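Good morning, colleagues. Please turn to the structure on the screen, and I shall take you through a few of its regions.

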Amino acid sequence: MSKILKILNLIFCIVIRTAHLSQMAGTMRAVQFQTGGLEKMKIGEVPIPVLRKKEILIKVYASAINRADTLQRKGAYPPPAGESDILGLEAVGTVDKLGPDCSQKWNIGDRVMALLAGGGNAEFVACREECLMPIPKKMSFTIAAAIPEVWLTAYQLLHTVGGVKAGDTVLIHAGGSGVGTAATQLSVLAKAKPLVTAGSIEKIDMAKSLGAVAGFNYKEGDFSLGVKQYTKDVGVNLILDCIGESFYNQNIESIANDGTWVVYGLLGGGKINADLLSKLLRKRITITGTTLRVRPIEYKESLVQNFTQNALPYFESGRLKPIIDKIFPLEQIGNAHQLMEENKNTGKIVLKIREEDGRDEL
Ligand SMILES: NC(=O)c1ccc[n+]([C@@H]2O[C@H](COP(=O)([O-])OP(=O)(O)OC[C@H]3O[C@@H](n4cnc5c(N)ncnc54)[C@H](OP(=O)(O)O)[C@@H]3O)[C@@H](O)[C@H]2O)c1
């Protein structure tokens, strides 16, 4: 009996000492991976980030998954030079520490949402102060975690890049995706008319409940026929395209004269071997591409400011709402990636990193 007690005591001491050492050494739990499949991910103990100029340390309560994470895990989308190689393009939590040269804008304890180039799937993350936004009042961390990456992307696609105007028709592909559910709501806010494509009736119904005026299941036929019917053969003014190759011909058929076609993902491939340019010429189409992660800090700062001013207040009034498919604990990161790779999510997949004292349940 006493031998068992001694062993238990020893285990207890090791656990306490490890926890103590981890605090002393400034380490944290974070998602680590080696290039490859889902089984290559694990939760490891890594150093807490050291703050550079104008960076703020966030104590992370929740984060979320993006397609870029699954691509990065497979080795197809490395982080920009100098950025964290820990997965995670967004995180929400409280301000824990201010780095050198920070302004007076943020204070310790502020509840914030962070747009990141990486590092969000961890207990702490460093973020440039310009890329922080306040969490809307009364919103829990787990709901707020669904905002930064896809809502800023959607805002960028519509306004900064796409130049959407009131009355425009906007064709949004992957209407059930994180970006798609945000872009649909932001189109309505901009007084434009969103039309969506998606691969299931459930995703189309969700888009319609968010304000889409029409939805087409791309697995059941040529969506350009439905677009032409809705627009009385005029076509749409703007296409938000994260599919690429497999949709290009239907996009050409769907777009109006002088329309803008914004390419921001290539889920359906990136190679086109066809008579694209003559069609582009005849319709006077503008094709443009964009990625947010690698943009310079000034661009992100301006985007964050515009979004904070023009869109964030509508989350407080309930007119805009983050759509969340599922919340996983950090330890189930593999299940979260799997759900996304199987295209089963409608809206965001959120990661809960740590418990909050009551307010998270709001
Ligand atoms: N450029 C940027 O700055 C930027 C930033 C953020 C995200 N993105 C891109 O935006 C896209 C959406 O991201 P997300 O995180 O919102 O995605 P998500 O929630 O994972 O949704 C993506 C959806 O796209 C649909 N899809 C997948 N493969 C398809 C294919 N071959 N053809 C047609 N539809 C397909 C699937 O829905 P169905 O059931 O409808 O098929 C899937 O659920 C991704 O391509 C991502 O890389 C780009």
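Which polar side-chain atom lies 2.8 Å from an oxygen atom of the ligand? The residue concerned is Arg67, whose side chain provides that polar atom. Please bear in mind throughout that this is a predicted model.

Let me stay with the ligand. It is surrounded by 24 residues, and the closest are Gly199, Lys203, Tyr218, Thr290 and Leu292. Two of these residues also have backbone atoms to point out. A backbone N or O atom of Gly199 is placed 2.7 Å from an oxygen atom of the ligand. For Leu292, a polar backbone atom is 2.7 Å from a ligand oxygen atom.

Thr153 sits in helix α4. Is Thr153 buried or exposed? Its relative accessible area is 8%, and under 20% counts as buried, so Thr153 is buried. Its side chain reaches the backbone oxygen of Glu149 at a distance of 2.7 Å.

Now to the packing of helix α4 itself, which spans residues 148-161. Its axis and that of helix α10, residues 297-310, come within 10 Å and cross at roughly 95 degrees. Because angles of 65 to 115 degrees count as roughly perpendicular, α4 is described as roughly perpendicular to α10. On the α4 side, the contact is formed by Trp151, Leu152, Tyr155, Gln156, Thr160 and Val161. On the α10 side, Tyr299, Leu303, Val304, Asn306, Phe307 and Asn310 take part. Sorted by class, this contact comprises eight nonpolar and four polar residues, with no charged ones.

Next, helix α12, residues 333-341. Its buried residues are Ile333, Gly334, Ala336, His337, Leu339 and Met340. What covers them includes the strands β1 (27-33), β2 (41-47), β14 (324-329) and β15 (348-352), as well as helix α2 (67-73). Just after α12, Asn343 adopts a positive phi of about 60 degrees.

Finally, I turn to Arg111, in strand β5, residues 111-115. Arg111 has a relative accessible area of 15% and is therefore buried.

Thank you for your attention.

Terms used. Residues numbered from 1 in each chain as written. Predicted model: local features only at pLDDT ≥ 70, side-chain atom pairs only at ≥ 80, totals over all residues. Heavy atoms only, no water. Axes fitted to C-alpha atoms, helices over the stretch in contact; angles between N-to-C directions. Helix = DSSP H or I, 4+ residues; strand = E, 2+ residues; numbered from the N terminus. Parallel < 35°, antiparallel > 145°, perpendicular 65-115°, else oblique. Contact = heavy atoms within 4.5 Å. Nonpolar A, V, L, I, M, F, W, Y, C, P; charged D, E, K, R; others polar. Buried < 20%, exposed > 50% of the residue type's maximum accessible area, 1.4 Å probe, protein only. Polar contact = N/O pair within 3.5 Å; in protein donor to acceptor, adjacent residues only side chain to side chain. Near = heavy atom within 4 Å.
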